[in-house]
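Subject: Model for you, with notes on one helix

Hello,

Here is the structure I promised. Please open it alongside these notes.

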Amino acid sequence: MRASLRIIRDGARSGEENMAIDEAILESVSRNSSPPTARFYSWSRPCVSLGYFQSCASLDFTRIRALGLEIVRRPTGGRAVLHLDEITYSLTLPLPGGKAGTIRESFKVLNEGVLRGLSRLGVEVFFHALQGRAQKRSSPLCFAAPAQYEILAGGEKILGSAQVRRNGTLLQQCSLPLTVDDALTKELLGGEAPAYEDGLPRGLRGIVKSLPGKDVIIDSIIDGIRESLAMDASLGAVSDGERAMADELARSQYGLDSWTCRR
């Protein structure tokens with residue numbers, strides 16, 4: 001019998017709630033208390049998420065808060081993401097034999113679901129193979145440059161991926177922007193548009209004009225993930241135990257400036 005993937009179609013939550021729930025699911029799956037999980041969610045208001053190892057000095061917190069944005073630190077790595085109109089999801093899976101190659105190698109397997117899902121909708125998408133385009137590491141923002149096995153469409157990065165592994169289990173968080181607020185992105189950068197040498201990102205709807213609604217895109221991505229992981233899937237919900245753990249994590253960690261600004 002094939003393993004079954006729990007699909008959670010969650011609602012809009014604050015940044016601290018979203019990060020706390022993802023970590024609670026990671027902990028629960030690592031304890032075999034919950035099944036492998038794909039959780040789709042959104043944001044109650046615009047939010048900037050920092051990578052786990054990212055320095056606070058890379059962004060102007062005063063400016064971000066003056067713009068009315070939330071700030072949260074992710075449990076996963078990578079650089080900052082501005083969460084606006086997007087499809088956000090996390091994958092929490094046991095690692096085969098406790099390990100699954102390098103993080104970049106696992107990106108190829110885990111991101112293939114998005115590749116398949118978008119291809120079904122007629123979107124021309126490709127894996128980035130680290131050939132030709134230079135990495136703009138000076139930018140604090142995730143979408144300024146693609147990493148290996150992240151997804152490109154229309155010549156730009158459209159999927160941001162970040163991962164953490166703990167106790168034989170991985171959590172991968174992904175952001176697929178649909179539209180981009182140019183003015184807000186420039187404000188976030190302090191007017192430093194050169195962080196994007198080829199122009200600001202357009203978002204998927206800026207690249208593909210005939211995309212269906214968000215729910216249809218999510219349905220197609222779920223089918224792609226299920227196929228790429230060779231898993232059956234069924235709808236589920238955050239468990240009572242995960243919710244209690246998430247409430248504590250939000251209170252004691254993700255909701256605190258001392259956690260967000262600790263680096």
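Which strands and helices do the buried residues of H6 pack against? They pack against strands E1 (4-13), E2 (37-43), E6 (86-94) and E11 (169-177), and against helices H3 (103-120) and H5 (204-207).

First, the ground rules. This is a predicted model, in which local features need pLDDT of at least 70 and side-chain atom pairs count only at pLDDT 80 or more, while totals for chains, interfaces and linings use all residues. Residues are numbered from 1 along each chain as its sequence is written, and side-chain values use heavy atoms, with hydrogens and water left out.

Helices (H or I, at least four residues) and strands (E, at least two) are DSSP runs, numbered from the N terminus. Contact means heavy atoms within 4.5 Å. Buried means under 20% relative accessible area, exposed over 50%, partly exposed in between (1.4 Å probe, protein chains only).

**The helix itself**

H6 covers residues 214-229. Its end C-alpha atoms are 22 Å apart. The buried residues of H6 are Ile217, Ile218, Ser220, Ile221, Ile222, Gly224, Ile225, Ser228 and Leu229. After H6 comes Ala230, with a positive phi near 55 degrees.

**Two residues to look at**

Ser220 is buried, at 7% relative accessible area. Leaving out residues up to four places away in sequence, Ser220 touches Gly117, Arg120 and Leu121.

Leu229 is also in H6. Its relative accessible area is 18%, so Leu229 counts as buried. With the sequence neighbours up to four places away set aside, Leu229 touches Leu93, Val109 and Leu110. The C-alpha atoms of Leu229 and Leu110 are 7.6 Å apart, across 119 residues of chain.

**H3 against H6**

The axes of H3 and H6 come within 7 Å and cross at roughly 135 degrees. H3 is therefore oblique to H6 (under 35 degrees is roughly parallel, over 145 roughly antiparallel, 65 to 115 roughly perpendicular, the rest oblique). Axes here are lines fitted to C-alpha atoms, for helices over the stretch in contact, with angles from 0 to 180 degrees between N-to-C directions. Among the contact residues are Val109, Leu110 and Gly117 of H3, and Ser220, Gly224 and Leu229 of H6. The contact residues divide into eight nonpolar, five polar and five charged. Gly counts as polar here.

Best wishes

Note on methods:
The expected span of a helix is 1.5 Å times one less than its number of residues.
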